[in-house]
Amino acid sequence: MRQISVVEDPGAAVAERLSAAAEEGAHIVLTGGSTPRGAYAIAAEQDADWSDATVWFSDERCVPPDHPDSNFAMAQRALLSRLTHPPRVMRMEGELGHDAAAGAYEALVREHLGNDPRFDLVLLGIGPDAHVASLFPGKPELDETGRLVAGVPLAGMEPQVPRVTLTLPVINRARVVAFLVSGADKAQAIGRAFGDPPDPEAPAARVRPGDGSIYVFADEAAAAEL
Ligand code: 6PG
């Protein structure tokens, strides 16, 4: 099932989803970049009970967890540290280096969710080049078929630091994938990902949960090329 919602404030729509999933004790994957910050801030205001939920991450930059480029630091500041009843948080340890961090996170996912893990809700942004998580166009991690988590030695975009990322095999096993997209600079990427036909070179076009649903929350500017 795929549903595209063009709304004035996609961040608010995503915050609602996050809070509802948290109350259900879901395994929730947060993402990085700048777009989700507003959604996280709204979810923090909603202050749902996250104590039965587990928070994971879609990707991380290989920097210490208090670095300005850290996705964990952003989520921690905007949301996690502000909750009265915080979740269990499974952070990607980017500071270990991309390969070691990927190996450690893969082990963590398998330990908690088994060898065929299914996240309940995976939140993703999209880059202007249609990348998702840290799966960049033309990079080998995009074609991963076995590992759930990959190290990314060469990022395709700023900040140009190595990354750690969930791979398509695990993203596409999710029960729900929610894209949060805003701004005219994302219009082309959204068109490539969800237009008819989608562009197979666009990483976001390969996010197609086999047994799950995709929700796209976009503002009008981002949805212009759909
Ligand atoms: C990251 C992200 C990445 C992000 C997109 C969109 O670590 O950079 O997880 O996939 O979602 O690049 O980022 P913006 O919201 O900043 O445009």
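**Ligand pocket and backbone geometry**

The lining of the largest pocket comprises nine nonpolar, 11 polar and six charged residues. The structure is a predicted model, and the values reported here were computed from it. The volume of the largest pocket is about 390 Å³. Its lining is made up of 26 residues, among which Gly 32, Gly 33, Ser 34, Ile 126 and His 131 are the closest to the pocket centre. Rolling a probe the size of a water molecule over the atoms shows where empty space is left.

The largest pocket is also the space taken by the ligand. The ligand is surrounded by 15 residues, of which Ser 34, Thr 35, Asp 59, Ala 133 and Lys 186 are the closest. Divided by class, this shell holds three nonpolar, eight polar and four charged residues.

For Ser 34, a polar backbone atom is 2.7 Å from an oxygen atom of the ligand. For Thr 35, a polar side-chain atom lies at 2.4 Å from a ligand oxygen atom. Asn 71 likewise places a polar side-chain atom 2.8 Å from an oxygen atom of the ligand. The ligand taken alone exposes 420 Å², and the protein buries 88% of that area.

Backbone geometry was examined next. Most residues other than glycine have a negative phi, and most peptide bonds are trans. Two cis peptide bonds and one positive phi value are described here. The bond between Glu 158 and Pro 159 is cis, with omega about -15°. Pro 159 belongs to the loop that runs between β7 (149-152) and β8 (163-166). Asp 196 and Pro 197 are likewise joined by a cis peptide bond, for which omega is about 0°. The loop containing Pro 197 lies between α6 (187-194) and β10 (213-218). Asp 47, a residue other than glycine, has a positive phi, near 45°. This residue, Asp 47, is located in the loop between α2 (36-46) and β3 (54-57).

Conventions
Residues are numbered from 1 along each chain as its sequence is written. This is a predicted model: local features need pLDDT of at least 70, side-chain atom pairs count only at pLDDT 80 or more; totals for chains, interfaces and linings use all residues. Side-chain values use heavy atoms; hydrogens and water are left out. A residue is near a molecule or strand if one of its heavy atoms lies within 4 Å of it. A polar contact is a pair of N or O atoms within 3.5 Å; within protein, one must be able to donate a hydrogen and the other to accept it, and residues adjacent in sequence count only if both atoms are side-chain atoms. Accessible areas come from the Shrake-Rupley method with a 1.4 Å probe; for residues, only the protein chains shown count as cover. On a 1 Å grid over the protein atoms alone, a cavity is a set of points where a 1.4 Å probe fits but cannot get out, and a pocket is an open set with protein on both sides within 12 Å along at least five of seven lines; lining residues have an atom within 4 Å of a point. A molecule sits in a cavity or pocket if more than half of its atoms lie within 2 Å of its grid points. Ala, Val, Leu, Ile, Met, Phe, Trp, Tyr, Cys and Pro count as nonpolar, Asp, Glu, Lys and Arg as charged, and the others, Gly among them, as polar. Grid points are joined across faces, edges and corners, and a volume is the space filled by probe spheres set on the points. Helices (H or I, at least four residues) and strands (E, at least two) are DSSP runs, numbered from the N terminus.
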